[in-house]
Amino acid sequence: MKILSIVDTAYRATLEEQDDTILWLNHALRNNGAEVSILLSGNAVNYAVRGQDAAGLAFGDRRVAHPPRLDEDLARLIAAKVAVFAVEEDIRERALPADSLVAGIEKLSRAGIPEAIERFDQVWRW
Amino acid sequence: MTIGKNLTVAIMDPPYESATTATALRIIDAALRQAQVVTVFAYEGAVSMTMKAQQPHANPVKGTTVEQEEHPTTKDWIAGLFALARQTGAKLDWINCGLCVDERGAGETIDGPRRGSPKDFFEAVKLSDGVIVIPTH
């Protein structure tokens, strides 16, 4: 069963959770044998930018001990043989430099999404 | 048209915050009325939907008492779904994602739901004729 998880919402509760809960869920599914792929769309394409640093957040003396490192989470998914796509137009619209992106991200044009979806048994949009 | 017998629904929204709650529960209700096997994977805020401590309240704007207002609680709606499953011979497996339960302190639930993990979601997906993911935003 080939599963495509489309991640469109970005930075939702990532500080509290110290990761993106949908990337996390899909990595957990992968660890349980699911053949998942990820498509980043909308603002979520920003996850692919290397070197993001959310460190330093504190409320009074309560500091966020392990800020999310979403670019590294993507790199770990790619290392685990999870295909990670990002919508090309969404990257361009956000002026994200091509050389700033995590290695291994595959760009997918909006026009190419329908054909790409056809390759999957399950398509879940989160 | 052949109607499949196994449905998995993943939900994420906490109670009282989104239109997706009633939509999701209506889909589940409809499936249970057809005596289907329905697995619900409650992820993130949705684990709060089954909290035993939910209480109805009065409505000072409308001037109603607790009894008059009869304010719904999602725990009662979901208890109703479990009762419906018993009546129709359907099966409802409501799984609250355990880590989501822990961080929200949502461990005290009504009878029926169980604690689970992404593994349970995947196992249910593998057995399902249809899967619906209702995300939050």
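I looked up the salt bridges first: chain B and chain A share 2 of them, a salt bridge being a side-chain nitrogen of Lys or Arg within 4 Å of a carboxyl oxygen of Asp or Glu. In one, the side chains of Glu44(B) and Arg12(A) meet at 2.7 Å, N to O.

I note that the model is predicted, that local features need pLDDT of at least 70 and side-chain atom pairs pLDDT 80 or more, and that totals for chains, interfaces and linings use all residues. Residues are numbered from 1 along each chain as its sequence is written, chains are lettered from A and ligands numbered from 1 in the order written, and side-chain values use heavy atoms, without hydrogens and water.

**Interface**

I then recorded the polar contacts between chain B and chain A: 3 residue pairs, both residues at pLDDT 80 or more. Such a contact is a pair of N or O atoms within 3.5 Å; within protein, one must be able to donate a hydrogen and the other to accept it, and residues adjacent in sequence count only if both atoms are side-chain atoms.

On the chain B side, helix H4 (98-104), helix H5 (118-127) and strand E5 (130-134) each give two or more residues. H5(B) gives the largest share, 6 residues. Helices (H or I, at least four residues) and strands (E, at least two) are DSSP runs, numbered from the N terminus.

I found 18 residues of chain B in contact with 18 residues of chain A, contact meaning heavy atoms within 4.5 Å. The buried area is about 1,700 Å², with 69% from carbon and sulfur atoms; this is the accessible area (1.4 Å probe) that the two parts lose on being put together, summed over both.

**Sheet of chain A**

I traced an open sheet of 5 strands, parallel in pairing, in the order E6-E5-E2-E1-E7; strands pair if DSSP finds at least two bridges between them. Its edge strands are E6 (106-108) and E7 (122-125). Strand E5 (83-87) of chain A is joined to E6(A) by 3 bridges, and Ala86(A) has Lys107(A) as its bridge partner.

Helix H2 (21-31) of chain A lies across E1, E2 and E7 of chain A, at about 160° to E2(A). Axes are lines fitted to C-alpha atoms, for helices over the stretch in contact, and angles run from 0 to 180 degrees between N-to-C directions.

**Sheet of chain B**

I read the strand order here as E4-E3-E2-E1-E5, again 5 strands in an open sheet with parallel pairing. E4 (114-116) and E5 of chain B are the edges. Between E1 (6-11) and E2 (37-42) of chain B I noted 6 bridges, with Leu7(B) partnered by Val38(B).
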